[in-house]
Amino acid sequence: MKQWFGEPAYKLTIDAGFTCPNIDGTKATGGCTFCDNVSFSPALRTGVTRISDQIEQSKTFYRERFNSSKFLAYFQTFTNTYDKVERLKSLYDEALNAPDIVGIAIGTRPDCIDAEKLQLIQSYADGSAKVWQHKLKEGRTEYERPFVSVEYGMQTMHDATADYVNRAHTHQETVDAVTLTREHAPDAHLCLHMMSGMPFETDEMILDSIHECARLRPDSVKFHHMYVYENTRMAQQYADGAFETPSLDRHIKLAADCIERMPPSTWIQRLVGEVSDSGVIAPQWGKSKMQIYQAITDELRRRGTYQSLLWNNDDANPQT
Ligand code: SF4
């Protein structure tokens, strides 16, 4: 963000009122077994539903804490491309029109994207969308186009794991979404979300997914550990003893493995999931996120390694 805008830009979480095809019965019901979108939703937590109001409310926090003046509207809650293009345009326009918003990040499922939606996203990313021209007319010429990111939940390349957690999409659909995005929204930033420590996955399986993610060459990656949140289906399975959650040592090792295998151009957006929320049942590592980031850094130093050291450039081909 400093390279793009000359200063940091902070993500403000938006709940635009979407649902998810994995919840409403279109693909499945019940959602992913780990899903607890209520904890991510400012609208469900606070009752503030208008996007512009959510943005204003969240900005106050970051302004006071970091003295920040540039923000990204992060459409995070549920599936943020799951509607007609006209409604998507109206929601994204509203966010981009809000003062101090310099971009949007759109979190979605790989099976909820198509050429028409991506062409809308491309219009923001390449600066041709009228909403952004309107901002330029207001004198905001210090940067020419907004930062526009599409974030897909890949989580794992193993369909058996995806079935167990009721993802209701295949890995091939993730590959297809990446290919379609590069074709129809080439100026959009593409982020993939991955999860380590999912039920019954060995380290070798997670390394396979890391390698596959690197092959797809995302512009950025979020590498979360799996955690069990209260009032989810996974919480019941965990209480029944169906699986164990990952240890901190294992996650640190896998996070370092992930960094070593990512292309040099891929931004690492996250390396750990939620650790401090009171709704998290397990794992309970007793460490802050900063302590975990430090432990991952220490592991990289111990190995004498760095991002892309083990990246296999020959395998990188997102078209296949
Ligand atoms: S796809 Fe996302 S929003 Fe939908 S059920 Fe799964 S985690 Fe929740």
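How many bridges join strand S6 to S8, and do the two strands run parallel or antiparallel? In this model, which is predicted, three bridges join strand S6, residues 220–225, to S8, and the two run parallel. As a reminder, strands of a sheet pair through backbone hydrogen bonds, either parallel or antiparallel.

Let us turn to the whole sheet. It is open and is formed by seven strands with parallel pairing, in the order S1-S2-S3-S4-S5-S6-S8. At the edges stand strand S1, residues 10–14, and strand S8, residues 267–270, each of which pairs on one side only. From one strand to the next, the twist averages 25°.

Next, the helices. Helix H5, residues 115–125, lies across strands S3 and S4 and runs at about 140° to S4. Helix H8, residues 171–184, also packs on the sheet, where it touches S4 and strand S5. The direction of H8 makes about 165° with that of S4.

I now come to Gly 273, which lies in the loop between S8 and strand S9. Why does Gly 273 count as buried? Gly 273 counts as buried because it has 23 C-beta neighbours inside 10 Å, and the threshold is 20 or more. Leaving aside residues up to four places away in sequence, Gly 273 touches His 224, His 225 and Tyr 227.

Methods: Residues numbered from 1 in each chain as written. Predicted model: local features only at pLDDT ≥ 70, side-chain atom pairs only at ≥ 80, totals over all residues. Pairing = 2+ DSSP bridges. Helix = DSSP H or I, 4+ residues; strand = E, 2+ residues; numbered from the N terminus. Axes fitted to C-alpha atoms, helices over the stretch in contact; angles between N-to-C directions. Contact = placed C-beta atoms within 7 Å. Buried ≥ 20, exposed ≤ 12 C-beta atoms within 10 Å, placed from the backbone.
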